Amino acid sequence: YRFFGEPVVAACVENGASCIDISGEPQFLERMYLKYNEKAAEKGVYVIGSCGFDSIPADMGVLYTRDKLKGTLTAVESFLTVKSGPEGSCIHDGTWKSAVYGLADQDNLRKLRKKIGYAPVPVVGAKLKRRGLVFYNQEFRQYSIPFMGSDVSVVKRSQRYLHTELQETPVQYGAYVNIGGLGSVVKLMFAGILFLLLVKFSFGRKLLTKYPEFFSAGRFTRKGPTQKQMDGTSFTMTFFGEGYSEGQDPQNGKPNVKICTEVKGPEPGYVATPIAMVQAAVSLLEDAACLPKQGGVYSPGAAFSKTKLIDRLNKRGVEFSVISKPEV
């Protein structure tokens, strides 16, 4: 999307067509907001980014968790687990390239955000602590690391919109991915250090994009997953939310209710992503009365919070459910 996405957005806005994409690149998504939000509003069209695995499960999952908590949800952490069958799993190198160029260009993302001049999102309730780069997770009995995708930035944009436009209580959010035992941690740390060293130099980036299989230990390939690999792969995103019971002021005292919810579905990249994208498009067409009042460039949570998108996804195999009810 960084190199090829903008002409599509420009053409859609110019000609009065709404558009949806499956980008997981914060820089592209936020640049489109800066450049086209006002024009899209004038034309009455909706440009909604990240409507694939990045970031519908996370963004809609936070809203689902909020709606299921009796009281005020103030913070959520999500943990992604990807299970694969005997054939293993792999990801197409397009995602790898997005990561290479995204990490190399982080300074420009900071500058872009300054230019946009986002209003800070207020912290309501107890401040959510950021976890370390690697930590042992008691709930899953395995190690976890921060999720490197666009989920956190997308959820933050949704929460900012819902707070400023609809006066809803903003929810703090942290995203993590479960990676397994100690062996996985050692491999990942070695690969991660090498990646971060190489990504800083143009020669290193050339190497990373030319030999994705070698540098990712077979995780990313030019061919992408086989049908058997896709059939055997699934994901679960577990959300741990905390907040304040009805009648309790979130600005005073500690959170006193917890809730656990889950979004689960088939293989993320080639099966769950098209399901999410198509259902987002159907919601855009059929739930028009429930969309934000004016057009613009939106994140999924901002655009679809009042629509039937979650119901549609539930019927198509990307399932949202409550694991444990809130307990005071």
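How many aromatic pairs does a search of the whole structure find? The search turns up 18. Rings of Phe, Tyr and Trp (its six-membered ring) pair if their centres lie within 6.5 Å, with planes under 30 degrees apart called stacked, over 60 edge-to-face and the rest tilted.

Before you click around: this is a predicted model, where local features need pLDDT of at least 70 and side-chain atom pairs count only at pLDDT 80 or more, while totals for chains, interfaces and linings use all residues. Residues are numbered from 1 along each chain as its sequence is written, and side-chain values use heavy atoms, leaving out hydrogens and water.

**Stop 1: two ring pairs**

Select Phe3 and Phe4. Their ring centres are 6.3 Å apart and the planes sit at 65°, so this pair is edge-to-face. Phe3 is exposed, at 53% relative accessible area, and Phe4 is exposed too, at 68%. (Exposed means over 50%, buried under 20% and partly exposed in between, using a 1.4 Å probe and protein chains only.)

Now pick Trp96 and Phe195. Here the centres are 5.1 Å apart with planes at 75°, so this one is edge-to-face as well. The pair links distant parts of the chain, 99 residues apart: Trp96 belongs to helix α4 (residues 93-104) and Phe195 to helix α7 (residues 182-198). Trp96 counts as buried at 7% relative accessibility, and Phe195 counts as buried at 12%. Helices (H or I, at least four residues) and strands (E, at least two) are DSSP runs, numbered from the N terminus.

For a ring cluster, select Phe79, Phe135, Phe140, Tyr176 and Phe240, which are joined by ring pairs.

**Stop 2: an annotated stretch**

**Stop 3: helix α6**

Next, show residues 151-166. Helix α6 has 16 residues and reaches 21 Å from first C-alpha to last, close to the 22 Å expected at 1.5 Å a residue; the expected span is 1.5 Å times one less than the number of residues. Its buried residues include Val154, Val155, Arg157, Tyr161 and Leu162. Step past the end of α6 and you reach Gln167, with a positive phi near 55°.

**Stop 4: the second largest pocket**

Stay with α6, which gives six residues, the largest share, to the lining of the second largest pocket. This pocket holds about 480 Å³ of space. Of its 22 lining residues, Tyr33, Asn37, Tyr161, Glu165 and Tyr298 lie nearest the centre. The lining divides into 11 nonpolar, six polar and five charged residues. (Ala, Val, Leu, Ile, Met, Phe, Trp, Tyr, Cys and Pro count as nonpolar, Asp, Glu, Lys and Arg as charged, and the others, Gly among them, as polar.)

On a 1 Å grid over the protein atoms alone, a pocket is an open set of points with protein on both sides within 12 Å along at least five of seven lines, a cavity is a set where a 1.4 Å probe fits but cannot get out, and lining residues have an atom within 4 Å of a point. Points are joined across faces, edges and corners, and a volume is the space filled by probe spheres set on them.

**Stop 5: the cavity**

Select Asp21, Phe28, Leu29, Met32, Val47, Ile48, Gly49, Arg157, Val297 and Tyr298 to see its lining. Elements giving two or more of these residues are α2 (26-43), β2 (46-48) and β11 (296-298).
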